[in-house]
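Me: Please look over the sequence and the model shown below, and then let us go through some questions on packing, pockets and backbone geometry.

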Amino acid sequence: MHGEYKVPGGKLVVVDLDVEGGALRNVRVAGDFFLEPDEAILSIDAALEGAPANTDTAGLTARIDAALPASTVMLGLTSEGVAVAVRRALAHATEWSDYDWQLIHEAPQSPALHMALDEVITAEVAAGRRPPTLRVWEWAAPAVIIGSFQSLRNEVDPAGAERHGITVVRRISGGGAMFVEPGNTITYSLSVPDSLVSGLSFADSYAYLDDWVLGALGDMGIKAWYQPLNDIATDAGKIAGAAQKRVAGGEGAVLHHVTMSYDIDADKMLEVLRIGKEKLSDKGTRSAKKRVDPLRRQTGLAREAVIERMIDSFRNRHGLTEGKVTDEEMAKAEELVRTKFGTEEWTARVP
């Protein structure tokens, strides 16, 4: 069995192993990380050898930590990262390179249609009718997108939304409200087979699926990192928030979508969203304006140039071919707008 895991902000860990009699055998750990002293790698292998195959990530991490020499120094590597690679091997997880990734980047569409397309495209990936897909959104109208479980009245000021012509829609994933305007926001979705995140905890899957965009930002000179559970941040503040939804059917799939602030109008956002003190308190700031730092200021690049560089970065790392929403997918999405995402019943399902 073979498993790979790129430690968030670190290096690639590769594990090869067998399972005999319910235990790990012939364990070999490798990768492009740095480790001192040299014999520590043998200690890691020995710690995993003979471990019950059903040992969870925490248990495997504890075995490794207990076996490492006191003088061990890890760079780009963690004991937990090795444990995750083991669990991915045991789960027969797939890798980014196992797929022919497809890009969808089309003309602006309505907020409700974007919600529907996320559901349809991810369901098609789950059913095996579509390859894993990166979809970059273009917005036809300003919107507030609330999380699946958020209260509409608690999150949105209806007077402010009406005054600024803001459409309010509800997505299928959890998480918090997003304020978007055409030209001021960069939004993308990854629709991936469930096997790509096999062996990862829910929290770890966020970091794993965000890793490519951290690299893309780094290519633009922005040092960014994953901030649990679902933010991407820099020294200047938060620049993006992510959300996920597991979709059943076929072999299953994961929807992972991210909204990045390119040039946010913070004053307008505060007139539309009801951002409470409790929400801000765990972010270490007293002002919603200070929570988000736009990419425009940090990069000095046009929005289109940022998107182009992000797409190029993904293509260079994982491969990417041009695609489109099929006629059948669009018909399904438009029907979902009519019956679900464009209805008051769905938008106000948590009043």
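Me: Does Y206 count as buried or exposed, and at what relative accessibility?
Reply: This is a predicted model, in which local features need pLDDT of at least 70 and side-chain atom pairs count only at pLDDT 80 or more, while totals for chains, interfaces and linings use all residues. Residues are numbered from 1 along each chain as its sequence is written, and side-chain values use heavy atoms, with hydrogens and water left out. Buried means under 20% relative accessible area, exposed over 50%, and partly exposed in between, with a 1.4 Å probe and protein chains only. Y206 therefore counts as buried, at 5% relative accessibility.

Me: What kind of aromatic pair do the rings of F202 and Y206 form?
Reply: Rings of Phe, Tyr and Trp (its six-membered ring) pair if their centres lie within 6.5 Å, and planes under 30 degrees apart count as stacked, over 60 as edge-to-face and the rest as tilted. F202 and Y206 are four residues apart in helix 7, about one helical turn, where helices (H or I, at least four residues) and strands (E, at least two) are DSSP runs numbered from the N terminus. Their ring centres are 5.3 Å apart with the planes at 70 degrees, so the pair is edge-to-face.

Me: How many residues apart in sequence are the parts that the pair of W96 and Y208 ties together?
Reply: The pair is tilted, with 5.9 Å centre to centre and 40 degrees between the planes. W96 is buried at 9% relative accessibility, and Y208 is buried at 5%. Because W96 lies in the loop between helix 3 (79-90) and strand 6 (102-105) while Y208 belongs to helix 7, the parts tied together are separated in sequence by 112 residues.

Me: Which residues line the second largest pocket closest to its centre?
Reply: On a 1 Å grid over the protein atoms alone, a pocket is an open set of points where a 1.4 Å probe fits, with protein on both sides within 12 Å along at least five of seven lines, and lining residues have an atom within 4 Å of a point. Strand 1 (2-6), helix 7 and helix 11 (303-318) each supply at least two residues of this lining. Of the 14 lining residues, those closest to the centre are K6, L12, W96, D211 and H318.

Me: What is omega of the cis peptide bond that joins P228 and L229?
Reply: Most residues other than glycine have a negative phi, and most peptide bonds are trans. A cis bond also joins E36 and P37, with omega about -5 degrees. L229 is in the loop between strand 12 (225-227) and strand 13 (231-234), and for the cis bond joining P228 and L229 omega is about 0 degrees.

Me: What value is phi of H92 near?
Reply: H92 is found in the loop between helix 3 and strand 6, and H92 is exposed, with a relative accessible area of 57%. Phi of H92 is positive in a residue other than glycine, near 55 degrees.
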